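Please read the points below with the sequence and the structure open side by side. They are arranged by topic, from the whole chain down to single residues.

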Amino acid sequence: ALAIREQIGDPSAIASTYHNLGTEHAKASRLVEALEAWKKALELRSGQGDWFRTTETLSQMAEVFAEQGRHQQAIEKHQRAFALHMRMRGTNMAAWSLFRAGKAKLLAGQGEDGLADIQRAEDMARRWGSRVLLARVLEAKAAVLLENGDVEGAFVAAEEGLRDFHTELRAWAARQGTSPLNPMPSLAATGALAAARLGNAERAYDFLEMGRPDDVTMEIREGMPERGVVSDTLLGVGRLQVHLRRREEAIEALEEAAEELAHLWKEGRKHRTRAIAPATLDAVRARLSDRQAFVMIGLVHARCVAVVVGTEAIRVVDLGEAAPILEASDALVEVGPASDVTGALDTRRTLLVEPLELGEAVQTVVVSPPVPLASLPMGALLGRPTALAPSATAFCATSDPEETGAGVLAFGRPRRDGAEAVVAEREVRRIGDPVRWGGDATVPLLQDELKTRARWKALHFV
């Protein structure tokens, strides 16, 4: 493409090609080549007076310089982008470039100047920018403050950012009758960790819940499974095959299921979607029965945090660094079916369960884990009847028959006969109502069955 455009002699097209080439080099971690391509794009764009696209190239170069530890060069590029944005009166983007320059200064050890730039960017966002931009600045500011030990400051910034971005924009989406926007994961993570360090369990819960993916947490899609549930189901199929040491079957099963469900999901997009508000603590407690607890686990900035909700009290628990927990979880999933898993379970209980201090009074548990921990045998780890929920909002919605209707549609189609098929059929027939098994478990029949109810409580694949 570059050769053709150079032959044509279009400077603007040549500059764009160099910029895109630099982007591809950066994705492949060829940073030196990326910078060389961007340098040529920068020369061409500057020569043409294309200031807007020049700022785009400058920002990407700054990010690569920062990745290389060349912070002063990163600062210079962000400052140049800031000056050009101000020249074009692009105050929103100017505020963002100034914020990035401030963050680069912090990394370069220029703490006072860096914080001054960040504060100035925040002031600009408040005066001229949109509320979304202010929330983005506050999101990054909260992370910087938390990293520098200002837990209270990080908490305050995250609170305001959450209010600006999450609450107001979700309310706007509800008024417009559209799907709500995705929350900012970093904002939710920073707020949750800051709240946990301050011992504020209620706000830790709020941040963790609002950080759950929208497709699982915030929407009920009438007549269709939520996208997050479908993707988690496909992931579970693959993980099960890996667990059974059948890696080729895992790939084959996932490819087949993905192909069959692609059309189903496309059809599901036609169904009406409505937004629901995040479940409050009072709503969660109202759904809990006696001697039951709801445990929400979150991965926040390389740490693992849990909120334990009971009918009378709520606690927040910092489970420590996430890496050992994730490594232990992956190792447990890889244990073969014939292996002795007692020792493996004991190790995971020490890391993940014992710090929760559920006590003997808690007889049943509902767990809302992050996706990387969703494949763990939670019931075996907790040693009591356990259910999984993608979020507190989903738990409350699915326990309310007026919200979701009744029925679990279970589909099972074994890939081979034998003991596994017998167990799978037993599982499907115990869980589902109605059940489609074997030859009846086809995509056309599934589509027809889905249309018989306005809304299903769950869709179960085996």
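1. Residues 24 or more positions apart account for 62% of the contacts in the protein chain with a separation of 6 or more, a contact being heavy atoms within 4.5 Å. This is a predicted model, in which local features need pLDDT of at least 70 and side-chain atom pairs count only at pLDDT 80 or more, while totals for chains, interfaces and linings use all residues. Residues are numbered from 1 along each chain as its sequence is written, and side-chain values use heavy atoms, with hydrogens and water left out.

2. The secondary structure of the protein chain comes to 22 helices and ten strands; helices (H or I, at least four residues) and strands (E, at least two) are DSSP runs, numbered from the N terminus. Of its 462 residues, 47% count as buried, where buried means under 20% relative accessible area, exposed over 50%, and partly exposed in between, with a 1.4 Å probe and protein chains only.

3. The largest nonpolar core has 56 residues, and those with the most contacts inside it are Y205, V284, F294, V307, V309 and F395. Helix α8 (residues 131-147) gives the most to this core, with nine residues. A nonpolar core is here a set of buried Ala, Val, Leu, Ile, Met, Phe, Trp, Tyr and Cys residues joined through side-chain atoms within 4.5 Å. With residues up to four places away in sequence not counted, F395 touches V284, R287, L288, F294, V366 and A389. Apart from this core lies another, of 22 residues, with A293, V353, V365 and M378 among them.

4. Which residues line the second largest cavity? They are I297, L352, V353, L356, V367, M378 and L382, and by class they are seven nonpolar, no polar and no charged residues. Ala, Val, Leu, Ile, Met, Phe, Trp, Tyr, Cys and Pro count as nonpolar, Asp, Glu, Lys and Arg as charged, and the others, Gly among them, as polar. Helices α17 (342-353) and α18 (378-382) each supply at least two residues of this lining. The volume of the second largest cavity is about 40 Å³, and the count comes to three cavities of 30 Å³ or more. On a 1 Å grid over the protein atoms alone, a cavity is a set of points where a 1.4 Å probe fits but cannot get out, and a pocket is an open set with protein on both sides within 12 Å along at least five of seven lines; lining residues have an atom within 4 Å of a point. Grid points are joined across faces, edges and corners, and a volume is the space filled by probe spheres set on the points.

5. L381 also belongs to α18 and is buried, at 1% relative accessibility. Although L381 and L345 are 36 residues apart in sequence, their C-alpha atoms are 6.2 Å apart in space. Beyond four places in sequence, L381 touches L345, R348, R349, V353 and L376.

6. The second largest pocket has a volume of about 220 Å³, and its lining residues include A62, E63, H78, W96, R100 and A140. Three helices, α4 (51-67), α5 and α6, each supply at least two residues of this lining, and the largest share, six residues, comes from α6. The lining divides into eight nonpolar, one polar and three charged residues. H78, in helix α5 (residues 71-87), is buried with a relative accessible area of 2%. Leaving out residues up to four places away in sequence, H78 touches S59, A62, E63, S97, R100, A101 and A104.

7. H301, in the loop between β3 (292-300) and β4 (303-309), has a positive phi of about 50° although it is not a glycine, and at 38% relative accessibility H301 counts as partly exposed. E357, in the loop between α17 and β6 (364-368), likewise has a positive phi of about 50° without being a glycine, and E357 is exposed, with a relative accessible area of 62%. Most residues other than glycine have a negative phi.
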